[in-house]
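Subject: A structure for you to explore

Hi,

Here is the structure I promised to pass on to you. Have a look at it first, and then read my notes below.

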Amino acid sequence: MRHFRPNHQRRETNHVSNVVGYRYPQGVAVRALLGVLFTLLLCACSNRSDELPEFLSSLPPELARHLIASDDSTLVRFGREAGFDLLVYAIWDLEQYGATVDLNTYKRCASQLMNCQRRIALILHSEYHFGMSLEHQEFMEGLSPERRVTLTKLRRELISIFADTSLTISDKIEKAQRYKRELETHDDVFWLPMSLNLLANLYSNIGDEEAEWRYRRAAYEGFKALGPNPMTCQLLGVFGAHYESVGKIDSMVICYDEALEIAQQIRAPHQVGRIKTFYAAHYGRLGRLSLAHDLYTQAMDLCREYKGRYIEIRFVVDAMRFYARLGCWQIVERLLRRLHVLQHKYEEELDGIATVYLLRGDLLEARMLMARGDVLGAEAIMNRIRDPIEVLPYRTEQPSLLYYWAVGLVDNGHAVRALEIIEKGYQRSVGARLPRMTARFALLRARAELQAGRLGDASASIGQFDELSHGNEQVLRRELVWRDALLGRVALESGNTDSAWRTLEEGMERLRMTLSHMDASAHSYLWLGACEVLRQLMQDLTAGDPHLGYGAELYWRDFYRWIGNNADNGPGPASVGDGAKLGGRGRLVPSGASLAERFRLRASATTARVMELNAVHSVYVVRHDSLWCWTNSQGTIRRDVIGASVEEVREHISGAWSLLSTDPGDETDHVPAQLVDDLRRLARWLLPHEVRDTGHGAPRLFLVSSDGFLNRVPFETFDVGERDEYIPLLANWDVAYLRHAEAVSGFEDRSELQTSAGIILVGTKPSRELQRRYPLPRLKEAAAEGWAVAGLYPGATLFEGKHATKANLESTWQNAEIIYLAVHTLRDPQVPYLMLIPVAQPDAHQGPDANYLDIADIRAADMSRCRVVFMSGCSTGAPYTDSVAEGPSLGDAFLDAGASAVVQTFWDVRDDTAREQMTQFLQRWRNRGALPIQALNDSRREMLYGSRHVRHPFIWAAYAIAIGGL
């Protein structure tokens, strides 16, 4: 665990305002505001050499030695590797020497000093296209030593007034105006814009917007006239943020894009990362979370590429906050390790801004521990960082600490303690004029009061939230879902069931509309998972009526198809599931029926279809403290609570998956005893008694609608034997996974639709970029597999090699009856909820995502004409699951886009067995007329009990079939 170092061990931490109108430590502001665009940060020095001139003592030792001993070409190579910020900061440090010594001392070394500055300025000009530094150097060289020292001291004094706590804002404005006039007297065009921007910050502090923006615009014009530089980027970022706040998005984009162009031209790590994160935050607020993820990643990567050194700490923490909001704590933990490495590597260079971000990282670590139930560990961190955060000048830091502290306590059942912290945080946020944070505290108070049984107080706090949230609905989308759930819960616990139902209906409609305007990406699925509180209210309202609860749970799962589906695609087939219209791409259009009536209609329609199929259907739900299962069998529905605890089942699911997904080498080996034990326990806990029956006869159909971590393992591997011999459920049952339950001819023939025979994508060669990120072996059997499939589908289009491009696939797959993908699939090890399908690199540049398909690409298509998608790759059906978040698999995305069925894999598969198993399955389906479910289950039983006698489930259970409707 990191320990916060006292301020005297760090660089300067007195406080001044920075150029964007917020407050930063002085050590940062001096670099960010000063000296010709100084982008904050860099390099405190150690190991100084007595052989070097004194004026070089403030520089990194290696740079100091190069300036004295190296020729120009060697110095240029060093400057290229060192990065923009180190060089800019070095010039600033050298310039300050004249303000710290007497005039005679300065004169003795002035020639050598100016030569060193010029050498650095030349590198910045030639290597970074930063001509302003050279122009500034020529301006200073044209002054006498006396005037040069006078001007340097004047610049320092201008900055010092912002750290002077004895002055009022009015006094500071007066002194800043005087220094501005003196800079004009010296014709200092380089520092005059800086003085204007500092004045803008002061006027911002007293709320004089007219003066603030007058000076801000004048500062921008002054900096812009000096050529590409970071201060122009800084101000463009401020302008862009302002335009976003007033709804002028086109103007925001113009400002951000211009700032990025400048930052990339001069390779300024802080500015390029800063604008990328501004964009990321903007798209995150719009719900375009996948794009936000890409931008946060780019901010970190570009900062490192541009030699940002410890500046990267800022962008790592920004990314951590993004993933924390999605509940992806595994990714937060990984980034936390990266943060620790950066802190250790650059420990001697850290300044005030790094301190702030490290404290934010500590807070995120505490939140992660709270999410995992370690309240003591989390509170130890929060108590340690409370005082350091208290003295920071940022308005949001202390309220944020108190907010997440209280959230963790409420989540872990400590409502009374949380209320004390909530009240402090509420008052802080009111005092700091933070209306959104104040609204969040009001809603959190309602949660704690409800948990403590204070229903009247909770209702009043919700009313307060309603007042505070007005006008901030776009930003408080998740809080509004929680609001509806809490209000419904208050009504339910007060005995007002009718009110609870009305609130639930309003909340689900609000959720549906919100999801329809989000991008259909993995991140949006995670966002929906964070709205489980509304789902739990729905479950509790329907708990006493199994028929109603079953329909409600099926109805909830249709929300996955709502994500990103805001376009009216015209009329579609009628859905008998809830009396609603099913629009294009499976879009549900609610009817005038009440929510409860829709639940019952869904349950009745599904029951009729399940009976017609002679099937048993089980729907599982993982709640925070228990597992529920609705079973639909022979026209009746019941709800059971699983006897084992959530943690017991999770442990055995994890153990079983680990053994199931490990290649045994010899496929005829007996199943390991530990695996049999896990699978037998899971069968006893999870399978309904109708399905555990091992009686012989023609296999019946078991439909599974799973949830959370239960999605990780195939139910057909569960051991239903009563003796020592391993008898998998597959022996007596056909098993399929039901994603949605509308009766829309889910996996039967769709002959009424105009389709092409199909498309086959095989053996794509990943681009060089993907190969660098994910070293992939060649799929030796893929081409033969593709041609074998093409033989069964004479009219199918085969995309292979350079023709297997994203453009070719997307132009044809919406009319295909089948889609067959014999390709690699990738799960990003850094961000495991992102899954990719590599495709061929196009000849012409078509955007950064042209060399892969992801979930957003799949969901953007209308797959309603597709009968079956075959994904003969690794882990194509494996969803992302951790303790609190769940993301979709690639198979889920195809089903949500409208495909009837998906054949997918639970884990990584062998290249040779993939070809054999898929070919056998297709022959059964095409040549023998079997439906896809029957064909796949029969082919797996053939492997299990046929001549090959494949015992270990690693081979025969890797493939499963999921269907999108009944």
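Let me begin with a pair of helices. In helix 9, Pro-193, Met-194, Leu-196, Asn-197, Leu-199, Ala-200, Asn-201, Tyr-203 and Ser-204 touch Ala-211, Glu-212, Tyr-215, Arg-216, Ala-218, Ala-219, Gly-222 and Phe-223 in helix 10. Contact here means heavy atoms within 4.5 Å. Sorted by class, this contact has eleven nonpolar, four polar and two charged residues. Ala, Val, Leu, Ile, Met, Phe, Trp, Tyr, Cys and Pro count as nonpolar, Asp, Glu, Lys and Arg as charged, and the others, Gly among them, as polar.

Before going further, please note that this is a predicted model: local features need pLDDT of at least 70, side-chain atom pairs count only at pLDDT 80 or more, and totals for chains, interfaces and linings use all residues. Residues are numbered from 1 along each chain as its sequence is written, and side-chain values use heavy atoms, with hydrogens and water left out.

Helices (H or I, at least four residues) and strands (E, at least two) are DSSP runs, numbered from the N terminus. How do helix 9 and helix 10 cross? The axes of helix 9 (residues 192-205) and helix 10 (residues 209-224) come within 8 Å and cross at roughly 160°. Axes are lines fitted to C-alpha atoms, for helices over the stretch in contact, with angles from 0 to 180 degrees between N-to-C directions.

Next come the salt bridges, in which a side-chain nitrogen of Lys or Arg lies within 4 Å of a carboxyl oxygen of Asp or Glu. The whole structure has 48 of them. One joins Arg-384 to Asp-362, with the closest N and O atoms 3.7 Å apart. This pair links distant parts of the chain, as Arg-384 is in helix 18 (residues 375-390) and Asp-362 in helix 17 (residues 352-371), 22 residues apart. Asp-362 is buried, at 3% relative accessibility. Buried means under 20% relative accessible area, exposed over 50%, and partly exposed in between (1.4 Å probe, protein chains only).

Another salt bridge brings together Glu-479 and Arg-440, at 2.9 Å from N to O. It links helix 23 (residues 477-493) with helix 21 (residues 435-451), and the two residues are 39 residues apart. Are Glu-479 and Arg-440 buried or exposed? Both Glu-479 and Arg-440 are buried.

Glu-532 and Arg-535 also form a salt bridge, with 3.0 Å between the closest N and O atoms. Because they are three residues apart in helix 26 (residues 532-542), about one helical turn separates Glu-532 and Arg-535. Salt bridges with shared partners join Glu-532, Arg-535, Glu-553, Arg-557 and Asp-707 into one network. Glu-532 is partly exposed at 21%, whereas Arg-535 is buried at 2%.

Finally, look at two loop residues. Most residues other than glycine have a negative phi. Arg-309, however, has a positive phi near 50°, and sits in the loop between helix 14 (289-305) and helix 15 (312-325). Asn-614 has a positive phi of about 55°, and lies in the loop between helix 29 (595-612) and strand 5 (615-622).

Enjoy exploring!

Best wishes
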